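Colleague: Before we discuss details, could you take me through how features of a model like this one are read?

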Amino acid sequence: MEPLFNLPTRLPVTAWSGHIPFLFTLFGLMRPTTYVELGVHNGASFIAAATAARTFDIDCQLYGIDSWEGDAHAGHYDGDAVYADLKRHIDANFSSTVLMRSFFDDARQEFRSGSIDLLHIDGLHTYDAVSHDFATWLPAMKPDGVILFHDIAVYERGFGVHRLWGELKEIFTTIEFPHSFGLGVVFLNPDQPRIRPLLEIADHKTAWRDYQELLSLLGGVVEERMGYFTLMETKNDLEGRLRELEHECLARQSTLAEAVHSRNVLAQQVHDMSRLVAELETELSHRRLALEAVMTSRSWRLTAPLRRVRGG
């Protein structure tokens, strides 16, 4: 139950959010060493897978493969911008992850046979395309691997995953979740001990229906929960910025107080200098008056011949 309540580090716009709780559960049970996703787009399921691997401390190499050119079902979009934004988040938050900008068939040669634990097929959803993806990548799966198919419950706009899914259920051990456009899960080896707890629930009709309803309920509030935590992160960021501004304000107040003190000291020094200048000017005036008094006195005039003799 615990893995059902985990959340990814980020949730881009997606139709896949309802299956994120199950993806965490599947990672917790399987502990895959290699995860491959065909059709990444905004990266919601890939980010969730990377978060799950980190949450459960799984030594897992994750590969997200997409051309980022869009298609008839995903729509056509600015692939360069979407890819760059996703890559920044992935590189900043996760190691052991690789985004491969490639067509699925071209990327297939990079994986040896029997090397993939968990494969998520979510590319072009026509019957021919998804059948081709399944047939092409099945040899790359480990004997006890698991394959996920999204949109098994979509019956319009040329979607054909439901048709392939009907065929696969006749061949393999499978479980499915009808909510969020449907998720199909193929178990190549139903006797694999790690996934037996899940299949034991599926063996009991009432328990399985309850489990599907629980997954639908929890999947339906993933976006709301992510929104709450996003708001909390924003709130914490704003509170942190407010504290920084308060410290900055205190520092500026201290600087201002020092400046005011320096201004007051300087003003006092200017005042003292002005007073000193005034005193000197007064003293100089007195001395000029005294000198003029001497030079206009009778004795100064009488002794003028004597001063000239001495000067001569």
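Modeller: Let us begin with burial, where buried means under 20% relative accessible area, exposed over 50% and partly exposed in between, with a 1.4 Å probe and protein chains only. Helices (H or I, at least four residues) and strands (E, at least two) are DSSP runs, numbered from the N terminus. In helix 1, I20, P21, F22, L23, F24, T25, L26, F27 and M30 are buried, which amounts to nine of the 11 residues in this helix of residues 20-30. Just after helix 1, R31 adopts a positive phi of about 50°.

Colleague: What should I know about the origin of the model and its numbering?

Modeller: The model is predicted, so local features need pLDDT of at least 70 and side-chain atom pairs count only at pLDDT 80 or more, while totals for chains, interfaces and linings use all residues. Residues are numbered from 1 along each chain as its sequence is written, and side-chain values use heavy atoms, with hydrogens and water left out.

Colleague: Why is strand 4 described as largely enclosed by the rest of the structure?

Modeller: Strand 4 (residues 116-121) is largely enclosed because six of its six residues are buried. Two strands pair if DSSP finds at least two bridges between them. Strand 4 pairs in the parallel sense with strand 1 (residues 34-38) over four bridges, with V36 opposite L119, and also in the parallel sense with strand 5 (residues 141-150) over five bridges, where L118 stands opposite V146.

Colleague: Which residues touch the most other members of the largest nonpolar core?

Modeller: A nonpolar core is a set of buried Ala, Val, Leu, Ile, Met, Phe, Trp, Tyr and Cys residues joined through side-chain atoms within 4.5 Å. In the largest one, of 47 residues, F22, F27, L62, L148, I175, F177 and V185 touch the most other members. Apart from it lies another core, of 24 residues, including M100 and L119.

Colleague: Which side chain of opposite charge is nearest to D66?

Modeller: A salt bridge is a side-chain nitrogen of Lys or Arg within 4 Å of a carboxyl oxygen of Asp or Glu. D66, in strand 2 (residues 61-66), is buried yet has no salt bridge, the nearest side chain of opposite charge being R101, 7.2 Å away. Polar atoms of the D66 side chain do, however, lie 2.9 Å from the backbone nitrogen of H41 and 2.7 Å from that of W68.

Notes. Lys, Arg positive; Asp, Glu negative; His and termini not counted. Polar contact = N/O pair within 3.5 Å; in protein donor to acceptor, adjacent residues only side chain to side chain.
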